[in-house]
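Student: I would like to learn how to read the core and the aromatic contacts of a model. Can we go through one together?

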Amino acid sequence: MDTDKSLRLFRLKHWLLFSLLVVILTGVLAVKYEKRHIFFLKRDLMTQAEGVASALSLQKLQTLKFDSTDLINDSYKQYHQQFKKYADNANIRSLYSVKSINGQLKFGPENLVANDSFASLPGTVYEQPPKALYEVFESGQSRSIGPYKDEYGSFVSAFAPVIDPVDNKVYMVIGIDMTSEQWTKTIRLLRLEIALYYGFLLIILVLVSVLLYLHQKDSTRLPRWFKRHSELILAASAALFVTATASLQIFDIEYHQNRALFSEMAKDKKNVIKTALSFMEKSFADTHSGGLDNVEYQPLLLVDQSDVHVHDALMHQHLVDITDSLPKCLAHLPVHNCHFDEEEKNHSVVATFPIFFGGRTFLFKA
């Protein structure tokens, strides 16, 4: 009996040591998981800003004065409407542009309407810009920062430069903001997800520890199956923790790697479509009344499909016209599959890039 009791005490001590290591490891992994997701949230915000910056026409931007006279400028009006359409569809709170003029940062086209508390008239001086915004003008590299505070409130933001190809300098910068309230809500949901997952594992850990403690104190109070298979239960519990934790980390890393790869592929394809639209407009302007309205868009996506496979998964592609109140799917791959609304509900849309073409606003979704 003494030998059996000593053995039970030995198991309990080692299990408690294992439990302590698991708790420490769980805490470290939970912190890393949160930091990794925050990094990717900010990167996605930056990708959106870069998508807008690359969709702009420098020729049109150069007609802007970045002062109050822009309110009657056709290019300003057009970009205001296109920014608004894109921001509404991409769930962006603030989408705006800033140009450095005589050492001051002045606002240009944005998505916000005049009565919005965050809105700024063209030419309004940005009084308290974050340091990172100046760094984007200096380096020509995109940045995401925050939370930080300025005269409009507290935000998490992404900035992307619009480069003038003539001198390779930053002509202006596109900014996208999330309010601190939006950011806090997102982080709370992330932390709840982490707490639920790791909390479930820790509950199992506690239950096994309690059973082992009772087994060490008085084995007669425990079910016969536990006394008979205690070693198997301990081994299975330890394997569960190791496997579940490792699987979560591997799945999360692979998910974000694939998402980044899909996003880069979608960005390349968006640029191809933008070039094709320009070619089509020039080719059909004289033979098609209404410009691009009567053009067949499907060939824009029906290209060599070898470039749309990632780990044997087909990248669904949609070209959507959001200019009017009802979005219109113009082209899609695979053919006869334009259920982009369903894919958005299932969170399978990885990348959404705007294409500002003429007076119309397109979305390329992948």
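Tutor: Start with burial: of the 366 residues of the protein chain, 46% count as buried. Buried means under 20% relative accessible area, exposed over 50%, and partly exposed in between, with a 1.4 Å probe and protein chains only. This is a predicted model, in which local features need pLDDT of at least 70 and side-chain atom pairs count only at pLDDT 80 or more, while totals for chains, interfaces and linings use all residues. Residues are numbered from 1 along each chain as its sequence is written, and side-chain values use heavy atoms, with hydrogens and water left out.

Student: Which residues have the most contacts inside the largest nonpolar core?

Tutor: In soluble globular proteins, nonpolar side chains tend to be buried together. A nonpolar core is a set of buried Ala, Val, Leu, Ile, Met, Phe, Trp, Tyr and Cys residues joined through side-chain atoms within 4.5 Å. Here the largest has 34 residues, and Leu56, Leu61, Leu95 and Ile174 have the most contacts inside it. Elements giving two or more residues to this core include helix 1 (2–55), helix 3 (74–90) and strand 5 (169–179); helices (H or I, at least four residues) and strands (E, at least two) are DSSP runs, numbered from the N terminus. A second, separate core of 17 residues includes Phe107, Leu112, Leu133 and Val170.

Student: What does leucine 95 touch?

Tutor: A contact means heavy atoms within 4.5 Å. Leaving out residues up to four places away in sequence, leucine 95 touches several residues, among them Val52, Phe83, Ile174 and Ile176.

Student: How many aromatic pairs does the structure hold?

Tutor: Rings of Phe, Tyr and Trp (its six-membered ring) pair if their centres lie within 6.5 Å; planes under 30 degrees apart count as stacked, over 60 as edge-to-face and the rest as tilted. The structure holds ten such pairs. In one of them, phenylalanine 107 and tyrosine 152 are edge-to-face, 5.9 Å centre to centre with 85 degrees between the planes. These two residues are 45 residues apart, with phenylalanine 107 in strand 2 (residues 104–110) and tyrosine 152 in the loop between strand 3 (143–150) and strand 4.

Student: Where does lysine 99 lie?

Tutor: A charge sits over a ring if NZ of Lys or CZ of Arg is within 6 Å of the ring centre and within 35 degrees of the ring normal. Lysine 99 lies over the face of tyrosine 171, 3.7 Å from the ring centre.
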